[in-house]
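Please look over the two-chain model below with me, and let us work through some questions about how its parts are arranged.

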Amino acid sequence: MHTALLLEMAAGALGDRIATGSIDGGVSYDELAARARAGGHWLRGHAAANVVFVGLNGAALPTALFAAAETGRPFAPLNYRLPDAELRRLLARTAPSLAVVDDDMLARVEGVEGVTVVSRSAFETAAVDPANRDNEHPEPDRDIAVLLFTSGTTGDPKVAVLRHRHLASYVISTVEFMHAEEDEATLVSVPPYHIAGIAAILTSVYGGRRTVYLPTFTPEDWVSMAAAENVTHAMVVPTMLGRILEVLEKRGEALPALRALSYGGGRMPEPVIEKALRLLPNVDFVNAYGLTETSSTIAVLTADDHRAAIGSDDPAVRRRLGSVGRPLPSLELEIRDPDGAVLGPGQSGEVYVRGEQISGEYLHKKVLQDDGWFATNDAGWLDDDGYLFVEGRLDDVIVRGGENISPGEIEDVLRTHPQVADVAVFGVPDNEWGEKVACALVARDGHPSVDELAGWVKSRLRSTKTPEVWSFRDALPYNDTGKLLRRQLKAELAAAQPVAAA
Amino acid sequence: MELKPGSRWKSAVCDTEVVVVRATAGDIALECGGHPMVAHADAKPAGLAVSADHAGGTQPGKRFADDVTGLEVLCTKGGKGSLSLDGRAIGAKEAKKLPASD
């Protein structure tokens, strides 16, 4: 089973339906399949092991992904937001390769050894050139579908390997073929080099849902495009959702066509999801949890779960709004302690998964265990009904006197303080407790006192979760993909140990 | 016939095409419309017709799983015949209802 077959099936079943672009003038499934075959024919004229994509979202992206699949070559979308030197370093790691690069980014990537650079417009022209159509080629061997550079908050980025069987298995086990109504449209604003961007292409094609691309995310453009294209579905990361809600409020826009919003890729602060449910009462909210190495989603908090949680007086049900829902029925999920023993409900440990969509593999390094289990490096626990609560990266969880403390929970509480602009919580070594809770904070509208902030946390959580070390800063460090560099802060504060709270 | 994962087969008597999602050990015949399916790249035999006992039809996107052998195939193109293994009909799995998450 391979990903090119997903498009072949879609074209065979509903070839006239619009696959990408506007309902008038968009590209049909038949046309997308023809462009992928033509693009594949053209790619075959270039000696290259990998097909690289450096550019913004748009119709060329699915064309290039499926064209690469036509030839059996791995597709490697790179983060164009990286500084030039870093981008070129990643590009060099894809050699020998052919890189399809946005015309205005060509100058940034010229002259990398072993990399043939072609412009996006040249690729798009080749994909519609009649001379490249109707060419027969023998079925290639297909193995690796996609190579994704992980954002790497420590060290060199790793290259996650997603094989055709992983991605195809994810799609056919989670999406009903051609189930979308003809008026449905999904707005994709996650970048091409993110697993959610790749998964969105494949699941939309197989589900028969038209895809509209936002070249690059701004909340204003997102809202405008959602309204103009009658978008019914979208996936956003939590930060995007918060900013989208602000624009909706400011404009008084209700997005009447919107039916479902899924979110993932980070912890959703409860005030944001509560506001979203209030502002968009007719929208189905879905929380999806997954990793690059798991071919996207492995657990889902459904719209019904959201409604049950928000409307419940039972604290155990209410708090599920902060969970990532239940594991997909097509895979197994366990919580294990550091010795590998499986833990029961309510016990925190490392999240393990096993299933056909799980790759658990990097270039030159397979981390999947022999029996197929993948250690996610995420800490979490399951409640009595199997809802998964993710506490963050295993290394980020604070262990204070034997108690597991999730930094995200404390950050969420501090973020609701009117004078807190940004915040990071992490553990620093402590002789008595093993670790203690530390906090780096960017203030706004004056300078709140440590006592005030400590009291804010203590009254909402409990004293063991109240930071004991406080550091006020002008800004927090983030990497190029917007991930907080918690470990950098941790190292700095462990060395410095500034102002202790009273 | 060797039903390897990822191998593609077409009906000898209708438009049905399938891909093997989960393989099974042992030599079994995958049939459609009552006749053995042929490898996707091969020519269809002439002169055969859909058997009345195996004329339920297939729809693209349906997954067919056999509890006895563990074989699972995905229908990639629909047709008039229905699927069987050594003459024994195999049914479609229930469609999953998961919300869109990408």
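Q: Which residue in β7(B) is the bridge partner of B:Phe64?
A: This is a predicted model, in which local features need pLDDT of at least 70, side-chain atom pairs count only at pLDDT 80 or more, and totals for chains, interfaces and linings use all residues. Residues are numbered from 1 along each chain as its sequence is written, while chains are lettered from A and ligands numbered from 1 in the order in which they are written. Strands β6(B) and β7 (residues 72–77) of chain B run antiparallel and are joined by 3 bridges, where strands are DSSP runs of E with at least two residues, helices are runs of H or I with at least four, and both are numbered from the N terminus. Within β7(B), the partner of B:Phe64 is B:Val73.

Q: Which strands of chain B are the edge strands of the open sheet?
A: The sheet has 5 strands with antiparallel pairing, in the order β5-β1-β2-β7-β6, and two strands pair if DSSP finds at least two bridges between them. An edge strand pairs on one side only, and this applies to β5 (38–39) and β6 (63–65) of chain B.

Q: How many residues does each chain give to the contact between chain A and chain B?
A: Two residues are in contact if their C-beta atoms, placed from the backbone, lie within 7 Å. By that criterion chain A gives 29 residues and chain B gives 16 residues.

Q: Are α9(A) and α10(A) roughly parallel or roughly perpendicular to each other?
A: The axes of α9 (residues 219–228) and α10 (residues 238–251) of chain A come within 8 Å and cross at roughly 65°, with axes fitted to C-alpha atoms over the stretch in contact and angles running from 0 to 180 degrees between N-to-C directions. Angles under 35 degrees count as roughly parallel, over 145 as roughly antiparallel, 65 to 115 as roughly perpendicular and the rest as oblique. The two helices α9(A) and α10(A) are therefore roughly perpendicular.

Q: Is A:Ser295 buried or exposed?
A: A:Ser295 lies in the loop between β13 and β14 of chain A, and its phi is near 55°, a positive value in a residue other than glycine. A residue is buried if 20 or more other C-beta atoms, placed from the backbone, lie within 10 Å of its own, exposed if 12 or fewer, and partly exposed in between. With 30 C-beta neighbours inside 10 Å, A:Ser295 is buried.

Q: What is omega of the cis peptide bond that joins A:Ala95 and A:Pro96?
A: Most peptide bonds are trans. A:Pro96 sits in the loop between α4 (84–93) and β5 (97–101) of chain A, and the cis bond joining A:Ala95 to A:Pro96 has an omega of about -5°.
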